[in-house]
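Me: I would like to learn how to read the features of a structure like this one, one at a time. Could we go through it together?

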Amino acid sequence: MHNLERKFICPDLAAAENAALRLGATDRGIAHQRDLFFPAPLARLKLRINNATQSAELISYRRADSHDARISEFHIAPVSNPESLAAALTQALGQPQELAKTRHLFIYRSTRIHLDKVDGRGSFVELETLLTGGGLSVEAAEEELRTVVHALGLSQTVPGAYVDLPAQQP
């Protein structure tokens with residue numbers, strides 16, 4: 001699977017939520033997630049545990065770290081026993097970096113709008129426009145992404161993963 005992705009710092013998630021709704025995005029609810037990022041040589045590898053539903057998935061993805069929109073290639077595998085898998089991955093790959101966040105999901109056409117409050121790091125908007133599985137061409141995805149960025153008034157980009165950002169001091 002592939003998508004076009006971009007991240008932004010967003011000091012006012014309530015304003016971003018209102019802008020997403022004005023744009024016509026559909027509210028898909030709030031999730032409390034815990035991500036365990038494991039050291040991996042070829043791609044990022046994270047075990048995502050959704051605290052409310054106790055569901056989990058193993059996600060591998062490759063993408064360039066860039067302030068511009070970038071294509072992300074990813075694979076998602078459902079996980080039935082996340083604690084056991086985490087123990088096995090830790091033994092094989094080393095200690096993971098942990099990240100907790102509250103994610104409010106909106107969908108606008110082929111774009112997932114994530115309003116993220118990341119513990120110890122701040123608040124952000126992550127945009128993912130689907131390119132495969134019924135998604136758009138790269139050009140159409142870029143145009144849709146620009147539409148969402150403009151509607152939400154986003155400007156300050158984040159080039160990498162949240163886990164790469166320095167922790168904020170209390």
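Reply: Let us start with pairing, where the general idea is that two strands pair if DSSP finds at least two bridges between them. Please keep in mind that this is a predicted model. In this case strand 1 is joined by two bridges to strand 9 (residues 157-158), and the two run antiparallel; in strand 9, Val 158 is the bridge partner of Lys 7.

Me: How many bridges join strand 1 and strand 8, and in which sense do they pair?

Reply: Strand 1 pairs with strand 8 over seven bridges, in the antiparallel sense, and within that pairing Ile 9 stands opposite Phe 124 of strand 8. Strand 1 also pairs with strand 5, again antiparallel, over four bridges, and there Asn 3 has Ser 72 of strand 5 opposite to it.

Me: What should I keep in mind about side chains when I look along a strand?

Reply: The general idea is that in a regular strand the side chains alternate between the two faces of the sheet.

Me: Is Ser 72 buried or exposed, and which residues does Ser 72 touch?

Reply: Burial is judged by relative accessible area, with under 20% meaning buried; Ser 72 therefore counts as buried, because its relative accessibility is 2%. Not counting residues up to four places away in sequence, Ser 72 touches Met 1, His 2, Asn 3, Glu 5, Tyr 61, Arg 62 and Arg 63, and Asn 3 in that list is the residue that stands opposite Ser 72 in the strand pairing.

Me: Where is Glu 57 found, and why does Glu 57 count as partly exposed?

Reply: Glu 57 is found in strand 4. Its relative accessible area is 24%, so Glu 57 counts as partly exposed, since that class lies between the 20% and 50% limits. Leaving out residues up to four places away in sequence, Glu 57 touches Lys 46, Leu 47, Arg 48, Ile 76, Ala 77, Pro 78 and Val 79.

Me: How should I read a residue in a loop, and which loop holds Arg 121?

Reply: Arg 121 is found in the loop between strand 7 (111-118) and strand 8 (122-130), and Arg 121 counts as buried because its relative accessibility is 16%. Beyond its neighbours within four places in sequence, Arg 121 is in contact with several residues, including Leu 99, Tyr 162, Leu 165 and Gln 168. The side chain of Arg 121 reaches two backbone oxygens, that of Tyr 162 at 3.3 Å and that of Leu 165, which lies 2.6 Å from a polar atom of this side chain.

Me: What is the volume of the largest pocket, and which residues are closest to its centre?

Reply: Rolling a probe the size of a water molecule over the atoms shows where empty space is left. Here about 710 Å³ of space lies in the largest pocket. The pocket is lined by 39 residues, and those closest to its centre are Arg 48, Arg 103, Arg 112, His 114 and Glu 128. Strand 2 gives the largest share of the lining, seven residues, and the lining as a whole divides into 14 nonpolar, eleven polar and 14 charged residues.

Conventions
Residues are numbered from 1 along each chain as its sequence is written. This is a predicted model: local features need pLDDT of at least 70, side-chain atom pairs count only at pLDDT 80 or more; totals for chains, interfaces and linings use all residues. Side-chain values use heavy atoms; hydrogens and water are left out. Buried means under 20% relative accessible area, exposed over 50%, partly exposed in between (1.4 Å probe, protein chains only). Contact means heavy atoms within 4.5 Å. A polar contact is a pair of N or O atoms within 3.5 Å; within protein, one must be able to donate a hydrogen and the other to accept it, and residues adjacent in sequence count only if both atoms are side-chain atoms. On a 1 Å grid over the protein atoms alone, a cavity is a set of points where a 1.4 Å probe fits but cannot get out, and a pocket is an open set with protein on both sides within 12 Å along at least five of seven lines; lining residues have an atom within 4 Å of a point. Grid points are joined across faces, edges and corners, and a volume is the space filled by probe spheres set on the points. Ala, Val, Leu, Ile, Met, Phe, Trp, Tyr, Cys and Pro count as nonpolar, Asp, Glu, Lys and Arg as charged, and the others, Gly among them, as polar.
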